Each structure stands twice: as C-alpha cells, then as structure tokens.
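Some notes on this structure follow, as numbered points. Please read them with the coordinates open.

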Amino acid sequence: MAEIKPGSVVVYSDGDVEKLLSTNKEWSLWEDQRKRQYKRSYLPYFPVLEYRRFSEQPGGYDQFVPDLGEVELKPFSDRESVRFDLTRRDLQKGTTTRLWRCSYDGSGTFSLSKTQQLKTHEYSCMRVVVDKSFLEKVREQLVLSYSPELKLVMKQVKTDRYGRTRQVEVERILPPERATAKRIARTVYKITSR
C-alpha cells in the first residue's frame, strides 16, 4: 500500500471516520464526520497542531513548539527520547504550556487485514504537570504504532490521569474513488455491530 491520497477515508475501530483533505511535508489536514478539522504534524507522536470545531466559527486551539526539528525522534533523527514544552493557544480560554516526554520504542507490525502486515514505529508519550511540591504527576499517556509507509498512526492507546484506557485502531482505508457515503456508512455499521 502506498501513502494515503487526499480524499481517502480512514474508518477506526470505534466507528469514527476521518477524511484526508490535504497533505505536505510538514502536516496533514483531516476532517471527521462532524466536520471538525485536525491539522497533524509529520511527527506521529506530536499532539494535534491545530483543531477547529467549525471552519466558519472561532472555536478550537493551536499547539506549537519553537522548532519541531528539536523534538524529532527516530527515524526522523537519531534521538530515542525528547522532552518539550508545548504551547497551547485556545481561541476562547487563553494560552497554557504543557510538558511532554516522548520516546521511540522500536519497530513492530500492525495487521490491517488478514493478508496485510505493515511495519510500524512504536512510540510512547507522557504529559506531566509539576505540583506545588515540585513532583511530576502524569496527566495523560499515549502509546502509538505508526506506519511510515502509509504515514498514518495505525493504533493508539490513551490512558488518562485516572487510569482509564481507550484504544483505537485503523480498521479500513477507503481510497478516494471508493469513499462514497453509502460505502462509508456500510463499513461503519459492520465495524460497530460486531
């Protein structure tokens, strides 16, 4: 399978659907079934760069660091772990800073179908806060499997501060010519009714 083309639709194990609108070397722009848009970095473990609830309304946020090159992990650089302060600018709540730690955990595989095995890069990240006693507390943990061939996160396991875990993985990828409303609805129904 080659890199995903704009117009392609990805259907996830929880029934969510995202369509690739555009892509370049720096980021890719996705839209979900509720018309919310997500701009994602070329670094698979980096949090969403930009989120918009509706393009015509000023709701959402931007997230950035001074230089993305400084937070690159393998295979984008030779680093196996990075730590960075992420600035989050919410269009309604103001600006905050979040501390992240991410590491490269080696290579793996992901089964997209019974016949298709994809090589993956494995990453893990933690978002932490420092309390009044200068102790770090974990607020969020992410474990990701990323396919460099498709340039897509195939599996994500997210754990919140209370230990609740949510796992989502890619179930189907529909190329632009097959991504009709009827086929998408049928695919989602098959996945969610299992």
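**Notes on the barrel and its aromatic contacts**

1. The model is predicted. Eight bridges connect strand β10 (residues 136-147) with strand β11 (residues 152-160), and the two run antiparallel. In this pairing, E140 stands opposite D160 of β11.

2. These two strands belong to a barrel closed by 12 strands, in the order β1-β2-β3-β4-β5-β6-β7-β8-β9-β10-β11-β12, with antiparallel pairing. From one strand to the next, the twist averages 25°.

3. There are six aromatic pairs in the structure. One of them is Y42 with F76, edge-to-face, at 5.8 Å centre to centre and 75° between the planes. This pair links distant parts of the chain: Y42 is in the loop between β4 (37-41) and β5 (50-52), while F76 is in the loop between β6 (60-64) and β7 (81-90), 34 residues apart. F76 has a relative accessibility of 29%, so it counts as partly exposed.

4. F46 and F84 form a stacked pair, because their planes lie at 20° and their ring centres are 5.4 Å apart; the cut-off for stacking is under 30 degrees. Here too distant parts of the chain are linked, F46 being in the loop between β4 and β5 and F84 in strand β7, 38 residues apart. F46 is buried at 6% relative accessibility, and F84 is buried with a relative accessible area of 5%.

5. Y38, Y51 and Y61 are linked into a cluster by ring pairs. The ring of Y61 also has the charged end of R88 over it, 3.7 Å from the ring centre.

6. A further contact of a charge with a ring involves K39, whose charged end sits over the ring of W27, 4.4 Å from its centre.

Technical notes:
Residues numbered from 1 in each chain as written. Predicted model: local features only at pLDDT ≥ 70, side-chain atom pairs only at ≥ 80, totals over all residues. Heavy atoms only, no water. Pairing = 2+ DSSP bridges. Helix = DSSP H or I, 4+ residues; strand = E, 2+ residues; numbered from the N terminus. Axes fitted to C-alpha atoms, helices over the stretch in contact; angles between N-to-C directions. Phe/Tyr/Trp six-rings, centres within 6.5 Å; stacked < 30°, edge-to-face > 60°. Buried < 20%, exposed > 50% of the residue type's maximum accessible area, 1.4 Å probe, protein only. Lys NZ or Arg CZ within 6 Å of the ring centre and 35° of its normal.
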